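Here's a quick briefing for anyone meeting this structure for the first time. Have a look at it first, then read on.

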Amino acid sequence: MNKFDKQKASDRWEILRQAILKKTKDGEKHKKTSMIEFVSFNLLTTDQVLDNNGDVWHQYQYSSIPSFRARIKHISKSFNPEELIGFNNTGNVCVWPAEEVLTYWCLENRELFREKKICELGGGMTCLAGLTIGTSCEAEVVTLTDGNEDSVQNVKEILKENDKHLKASQVDASVLRWDKPEEYNNFMEMFDFVISADCLFFDQYREDLVKTINTILKPKGICIIFAPKRHNTCEEFCAIAKRKFEVTIDERYDAVVWDKHIKALENSSEIYDENRHYPLKITLTKT
Ligand SMILES: C[S@@+](CC[C@H](N)C(=O)[O-])C[C@H]1O[C@@H](n2cnc3c(N)ncnc32)[C@H](O)[C@@H]1O
């Protein structure tokens, strides 16, 4: 195993460790420890609300857009070790910081999506960014996807809960695996935008992900990805993507996010690791 493979294996174990630690139920406060795991840039505010069944929902709001509201719930099931390393429960662990930043970026740039068709790939158990486009702007179609069936089932429940607040003409959720062309060929050149967060570290699926994006984007379509470096995995993805797309990588794409990043680096009470938590913005343009 070379140095990078060892680092990547340790990243995967870190994700599983976080999932196991997360066995505390939704709503429970972090146990008091001297260091806490970094979970959020706090770009949006969230309130917890209970539904009639006693399930906890997280209601996202954004002070700059008072009319915006999106409600999500996490999967409450706890996964055993076999399920965690099977296909692919990394999106059922939490909303990762990259998804949070993508959500914020989509809100700030929501006018881009008006009357457009958008697909989120690998959105995990909430597809929060795609949901946010669906609830904040008059998009034509928003398709929320992940390869994990439990995640997509949860997203379908989230869509029901948000139904009255959807502004997009059509929002749906479906299972879409990048390594199964039969699950995306029906979306051939359909989308103006593809969005995705923290999906670049799967060595075995990187080529498939590039192929999926290339197939489902319209000519001149744009894919916006937020992803932490996670050692060389982001770079490896960009190298493959450059064969098909114009690729740009931005580190300082937003003053607010950059400021939060610098403050998190300075905050010694949180485990903040730039390599795992600070998402770069990667833009792929189909020529
Ligand atoms: C780290 S999670 C990110 C989830 C979400 N975007 C977030 O940031 O909170 C990676 C996601 O990629 C999905 N995934 C991994 N391999 C996939 C594949 N071959 N096809 C489709 N989705 C896949 C997983 O199911 C998971 O939800």
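Contact here means heavy atoms within 4.5 Å. This is a predicted model, where local features need pLDDT of at least 70, side-chain atom pairs count only at pLDDT 80 or more, and totals for chains, interfaces and linings use all residues. Residues are numbered from 1 along each chain as its sequence is written, and side-chain values use heavy atoms, with hydrogens and water left out.

**The sheet**
- Helices (H or I, at least four residues) and strands (E, at least two) are DSSP runs, numbered from the N terminus, and two strands pair if DSSP finds at least two bridges between them.
- An open, antiparallel sheet is built from 3 strands in the order β2-β3-β4.
- At its edges sit β2 (45–50) and β4 (65–72), each pairing on one side only.
- Strand β3 (residues 56–62) is joined to β4 by 4 bridges, and H58 stands opposite I72 in β4.

**The helix across it**
- Angles run from 0 to 180 degrees between N-to-C directions, using axes fitted to C-alpha atoms, for helices over the stretch in contact.
- Helix α4 (residues 128–136) lies across β3 and β4, at about 135° to β4.

**The ligand**
- Polar contacts are pairs of N or O atoms within 3.5 Å.
- A polar backbone atom of G122 is 2.8 Å from a ligand nitrogen.
- Oxygen atoms of the ligand lie 2.9 Å from a backbone N or O atom of W96 and 3.2 Å from a polar backbone atom of N88.
- Taken alone, the ligand exposes 590 Å² (Shrake-Rupley method, 1.4 Å probe), and the protein buries 100% of that.

Definitions and conventions
Polar contact = N/O pair within 3.5 Å; in protein donor to acceptor, adjacent residues only side chain to side chain.
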